[in-house]
Amino acid sequence: MTQTYSLIITRVRDQGRDIRSFDLMPENALSAHDISFAPGQVAILQADGGEPSYFAFASAPDDPELEILVKRTVGASVSIFEMKTGDRLTLLGVAGHGFDLEQQRGRDLVFVAMGTGVAPLRAALRAVLNQKDKFGKLVVLYGARTPDDFCYRDETEDWKNAGVELRQVISRPDGHDWSGPTGYVQSLLDHVLPELNSPVALICGSQEMIEQTRDRLQQMGFARESILTNY
């Protein structure tokens, strides 16, 4: 993509703690389909002429609007986090190779996400659910620090109803009403992989989490080409 686009914020929603999702529409467009990207790819965005920043698309390519997740941390994420409906961002380009879902047809898919790493995996999951009959089992393993850090809590029931096996884990349970498993998301792998047939893993999170998950999967017999990252 070489053309730049002015994107209008059409909706802002609180997601996890200090995390918001932003729906975006190209200015003077009826849908977001003018902008081509693969699930897992990353938008290079600029706010008010500031430094470019990188946010993975959380929407599938066929969705009517673009969507990103923004965690308020430092730099551009702070100013974007405070933006409102009607404000504008500039899309400078699209980065990363994303996930080649066409190559995974017929196979079981394991989505492994930590924190806001759920954004590119949500994009891939939504794309897969639009053609669910072309894939095998779908498993989502999602880790966060606390229950308040999980995003898209309003969608997880829809995922389950669509046949997705969702398992969530938190790493900091102290002080929270949580009866589920605790630890890191990699710890969930042992419980699901033995039941799957020729699975492919799609991983998003911190670099440390990705490396640890890749190591664990290879110890469990995964071929390196069956462990996919978006970037």
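The entries below follow the salt bridges one at a time.

I first noted that this is a predicted model, where local features need pLDDT of at least 70, side-chain atom pairs count only at pLDDT 80 or more, and totals for chains, interfaces and linings use all residues. Residues are numbered from 1 along each chain as its sequence is written, and side-chain values use heavy atoms, with hydrogens and water left out.

I then counted salt bridges, taking one as a side-chain nitrogen of Lys or Arg within 4 Å of a carboxyl oxygen of Asp or Glu, and the count came to 15. Side chains of opposite charge can pair when their charged atoms come close.

I looked up R17 and found it in a salt bridge with D149, with the closest N and O atoms 2.9 Å apart. R17 lies in the loop between β1 and β2 and D149 in the loop between β8 and α3, so the pair ties together parts that are 132 residues apart in sequence; helices (H or I, at least four residues) and strands (E, at least two) are DSSP runs, numbered from the N terminus.

For accessibility I used relative accessible area, where buried means under 20%, exposed over 50%, and partly exposed in between (1.4 Å probe, protein chains only). D149 is buried at 8%, whereas R17 is partly exposed at 41%.

I next checked E102 and R105, which form a salt bridge with the closest N and O atoms 2.9 Å apart. E102 is partly exposed at 45%, and R105 is partly exposed at 37%.
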